[in-house]
Amino acid sequence: MNAVSRRTALLGLLATTSLALAACGPNAGGFKLATSSGMNEEFKRGFVADEALISQIKVGMDVQQVLSILGTPSTTSTVGNRTFYYISQTVYRRFQFQELTVVDQTVLVIFFNKSFKVERIANYGLQDGVIFDFISRTTATGGEEQSFLRNLFRGVTRFNPLGA
């Protein structure tokens with residue numbers, strides 16, 4: 001066996017082994033495993049909404065009952081902690097290393113009164129407002145985002161070799 005055919009056999013063995021191992025992985029946490037081509041991937045992240053659980057939440061329940069039914073919220077209001085937000089997003093990307101695009105979003109909001117009893121329940125979708133980034137807990141502002149190239153060219157145009 002010459003060196004070229006050994007190398008080809010080794011590469012074939014590695015490719016077969018990696019494909020076999022990729023096929024054995026579980027589909028844990030609602031995430032789809034990447035296909036061998038890495039195309040058309042859709043992910044669900046955040047709170048998994050179950051209509052049976054949501055229907056158990058009634059006006060007048062206390063915080064502990066809500067937490068025992070729905071679990072820990074994705075985020076809470078910053079002042080007074082009297083609002084719980086349960087956020088769920090479905091994101092999509094056509095190719096493996098592309099940026100994710102939000103396809104669907106639901107936000108279940110539970111408002112509490114001063115005695116921490118459920119006052120009102122609201123369910124918002126993507127059509128109701130702006131996309132909420134629950135990782136950094138910020139929403140997009142009206143300004144424009146700075147790109148790498150823009151900052152690079154801005155730095156080049158401000159270059160002053162004399163230091164004045």
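Student: How many residues does the hairpin use to join β3 to β4?
Tutor: Keep in mind that this is a predicted model. The hairpin joins β3 to β4 through five residues. The two strands run antiparallel, with 10 bridges between them.

Student: Which residue in β4 stands opposite Thr 83?
Tutor: Phe 111 does. Thr 83 itself is found in strand β3.

Student: Is Thr 83 buried or exposed?
Tutor: Use the cut-off: buried means under 20% relative accessible area. Thr 83 has 10%, so it counts as buried. Next, look at its contacts beyond four places in sequence. They include Thr 75, Thr 76, Val 109 and Phe 111.

Student: How do I read the chain as a whole?
Tutor: List the elements in order. The chain has four helices and seven strands. Along the sequence the pattern is α-β-α-α-β-β-β-β-β-β-α. Of the 164 residues, 21% count as buried.

Student: Where should I look for a core?
Tutor: Start with the general idea. In soluble globular proteins, nonpolar side chains tend to be buried together. Here the largest nonpolar core has 13 residues. Val 66, Leu 70, Tyr 86 and Ile 110 touch the most other members. Helix α3 (63-70), β3 and β4 (101-112) each supply at least two residues of this core.

Student: Why does Tyr 86 count as buried?
Tutor: Its relative accessibility is 1%, so it falls in the buried class. Leaving out residues up to four places away in sequence, Tyr 86 touches Phe 47, Val 66, Leu 70 and Ile 110, among others.

Student: How do I describe two aromatic rings that pair?
Tutor: A pair of aromatic rings is described by the distance of the centres and the angle of the planes. The count in this model is three aromatic pairs. Take Phe 84 and Tyr 86: the centres are 6.5 Å apart and the planes are at 75 degrees, so the pair is edge-to-face. Phe 84 is buried too, with a relative accessible area of 6%. Phe 84 also pairs edge-to-face with Phe 112, at 4.9 Å centre to centre and 70 degrees between the planes. Phe 84 lies in strand β3 and Phe 112 in strand β4, so this pair ties together parts that are 28 residues apart in sequence.

Student: Which residues do the ring pairs link into a cluster?
Tutor: Phe 47, Phe 84, Tyr 86 and Phe 112. Phe 112 is buried, at 4% relative accessibility.

Student: What about charged side chains? Which two meet in a salt bridge?
Tutor: The count is one salt bridge. Arg 93 and Glu 41 form it, at 2.7 Å from N to O. Arg 93 lies in strand β3 and Glu 41 in strand β1 (residues 39-46), so the pair ties together parts that are 52 residues apart in sequence.

Terms used. Residues numbered from 1 in each chain as written. Predicted model: local features only at pLDDT ≥ 70, side-chain atom pairs only at ≥ 80, totals over all residues. Heavy atoms only, no water. Salt bridge = Lys/Arg side-chain N within 4 Å of Asp/Glu carboxyl O. Buried < 20%, exposed > 50% of the residue type's maximum accessible area, 1.4 Å probe, protein only. Contact = heavy atoms within 4.5 Å. Core = buried A, V, L, I, M, F, W, Y, C linked by side-chain atoms within 4.5 Å. Pairing = 2+ DSSP bridges. Phe/Tyr/Trp six-rings, centres within 6.5 Å; stacked < 30°, edge-to-face > 60°.
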